[in-house]
Amino acid sequence: MQKAEQRNEGLAALKKAIEIFPLYYEALNLLGAEYVKQKEYEQAVAVLSKAIEVNSRAYHSLNSLSVAQ
């Protein structure tokens with residue numbers, strides 16, 4: 001249970017960081033990758049698409065987006 005709580009806290013912190021600074025690439029990329037891991041593909045596509053708008057040459061974001069789609 002502790003690991004699940006830590007994951008939820010981490011996701012909340014990433015969402016807060018994006019809320020404060022919507023173009024924070026690293027937070028967008030990490031949040032999108034976590035959504036892919038949790039098989040929440042619709043949310044992943046939205047976040048990763050934004051990450052690619054910020055950094056169009058980001059291999060990790062492109063790879064995660066391809067998995068989500």
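Select Lys 50 first: with 31% relative accessibility, Lys 50 counts as partly exposed, a class that lies between buried (under 20% relative accessible area) and exposed (over 50%), computed with a 1.4 Å probe on protein chains only. Lys 50 forms a salt bridge with Glu 53, and their closest N and O atoms are 4.0 Å apart; the term denotes a side-chain nitrogen of Lys or Arg within 4 Å of a carboxyl oxygen of Asp or Glu. Both residues lie in helix H3, three residues apart, about one turn of the helix. Helices here are DSSP runs (H or I, at least four residues), numbered from the N terminus. Glu 53 is exposed, with a relative accessible area of 61%.

The model is predicted: local features need pLDDT of at least 70 and side-chain atom pairs count only at pLDDT 80 or more, while totals for chains, interfaces and linings use all residues. Residues are numbered from 1 along each chain as its sequence is written, and side-chain values use heavy atoms, with hydrogens and water left out.

Next, select Glu 34, Arg 7 and Lys 37, which are linked in a network of salt bridges. The structure holds four salt bridges. In the one between Glu 34 and Arg 7, the closest N and O atoms are 3.7 Å apart. This pair links distant parts of the chain, as Glu 34 belongs to helix H2 and Arg 7 to helix H1, 27 residues apart. Between Glu 34 and Lys 37 the corresponding distance is 3.3 Å; these two residues both lie in H2, three residues apart.

Now select the whole of H2, residues 25–37. Its 13 residues, at 1.5 Å a residue, should span 18 Å, and its end C-alpha atoms are 18 Å apart, which agrees; the expected span is 1.5 Å times one less than the number of residues. Its buried residues include Tyr 25, Leu 28, Leu 31 and Val 36. Among the elements covering the buried residues of H2 are helix H1 (2–20), helix H3 (41–54) and helix H4 (59–68).

Within H2, centre the view on Leu 31. Leu 31 and Ala 44 touch the most other members of the largest nonpolar core, which has 17 residues. H1, H2, H3 and H4 each supply at least two residues of this core, and H2 gives the largest share, six residues. Such a core is a set of buried Ala, Val, Leu, Ile, Met, Phe, Trp, Tyr and Cys residues joined through side-chain atoms within 4.5 Å. Leaving aside neighbours within four places in sequence, Leu 31 is in contact (heavy atoms within 4.5 Å) with Leu 11, Leu 14, Lys 15, Ile 18 and Val 47.

Move on to Ser 64 in helix H4. Ser 64 is buried at 15% relative accessible area and, with neighbours within four places in sequence set aside, is in contact with Ala 33, Val 36 and Leu 48.

Finally, select Lys 39, in the loop between H2 and H3. Although not a glycine, Lys 39 has a positive phi of about 60°. Lys 39 counts as exposed, at 61% relative accessibility.
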